[in-house]
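Here is a short briefing to read alongside the model. Please keep the 3D view open as you go through the topics.

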Amino acid sequence: MDERKIRARLEAERERLLGVRRHLLGDPETTADLASVGELSNYDQHPGDIGSEVFEHEKNASILEQVDAQLGEVDAAFERLEKGSYGSCEVCGNPIEATRLEERPFARFCLEDQRRVEREAGLPGSTA
Ligand SMILES: [Zn+2]
């Protein structure tokens, strides 16, 4: 595995997340690809008139939570890289699929275990 490439990937991911964060916190200079954060494909669906401001606020707060969580995952991935355990599934120890690491450079689990963890946590959908 090419450690420099992995670092570059993780740093790019961190930059992207920080950009989204700044955008959510109201920096007008920042444009962010909000749809790329987790399961946010319905971000653009506007709820209508009354209460939409509250709705926007709550939606942003929950996106912010996801972004913060993912930033934590990026930090954890850097730590795993230091320890030499990066790229191995934390559950079964098998190597995490390369294509998966390209999409989610901070992935902790192989696809199979990720699905299982999500099922057990009762989360909707897949973050893979
Ligand atoms: Zn696994």
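Donors are N, O and S atoms within 2.8 Å of the metal (3.2 Å for Na, K and Ca), and water is not among the atoms, so sites may look incomplete. With that in mind, the donors of the zinc ion follow the spacing C-x2-C-x17-C-x2-D along the chain. This is a predicted model, in which local features need pLDDT of at least 70 and side-chain atom pairs count only at pLDDT 80 or more, while totals for chains, interfaces and linings use all residues. Residues are numbered from 1 along each chain as its sequence is written, and side-chain values use heavy atoms, with hydrogens and water left out.

**The zinc site**

- The zinc ion takes its protein donors from Cys89 (SG), Cys92 (SG), Cys110 (SG) and Asp113 (OD), which lie 1.8 to 2.3 Å from it.
- Burial is judged by relative accessible area: buried means under 20%, exposed over 50% and partly exposed in between, using a 1.4 Å probe and protein chains only.
- Cys89 is buried at 5%, Asp113 is buried at 6%, and Cys110 is buried at 7%.
- Cys92, at 37%, counts as partly exposed.
- The structure has zero disulfides, a disulfide being a pair of cysteine sulfur atoms within 2.5 Å.

**Helix α1**

- Helices are DSSP runs of H or I with at least four residues, and strands are runs of E with at least two, numbered from the N terminus.
- With 22 residues, α1 reaches 31 Å from its first C-alpha to its last, close to the 32 Å expected at 1.5 Å a residue; the expected span is 1.5 Å times one less than the number of residues.
- The buried residues of α1 are Ile6, Leu10, Glu13, Leu17, Gly19, Val20 and Leu24.
- Those buried residues pack against α2, where contact means heavy atoms within 4.5 Å.

- Side chains of opposite charge can pair when their charged atoms come close.
- A salt bridge here is a side-chain nitrogen of Lys or Arg within 4 Å of a carboxyl oxygen of Asp or Glu, and the whole structure holds eleven of them.
- Glu3 and Arg7 form one of these, at 3.5 Å from N to O.
- Glu3 and Arg7 are four residues apart in helix α1 (residues 3-24), so about one helical turn separates them.
- Both ends are partly exposed, with Glu3 at 41% and Arg7 at 24%.
- Arg7 also forms a salt bridge with Glu82, where the closest N and O atoms are 2.7 Å apart.
- Because Arg7 lies in helix α1 and Glu82 in helix α2 (residues 52-83), this pair ties together parts that are 75 residues apart in sequence.
- Glu82 is exposed, at 60%.

**Salt bridges around Arg108**

- Arg108 and Glu73 form a salt bridge whose closest N and O atoms are 2.8 Å apart.
- Arg108 sits in the loop between α3 (98-103) and α4 (111-121) and Glu73 in helix α2, so the pair links parts that are 35 residues apart in sequence.
- Arg108 is partly exposed at 23%, and Glu73 is partly exposed at 23%.
- Through shared partners, salt bridges join Glu73, Arg80, Glu90 and Arg108 into one network.
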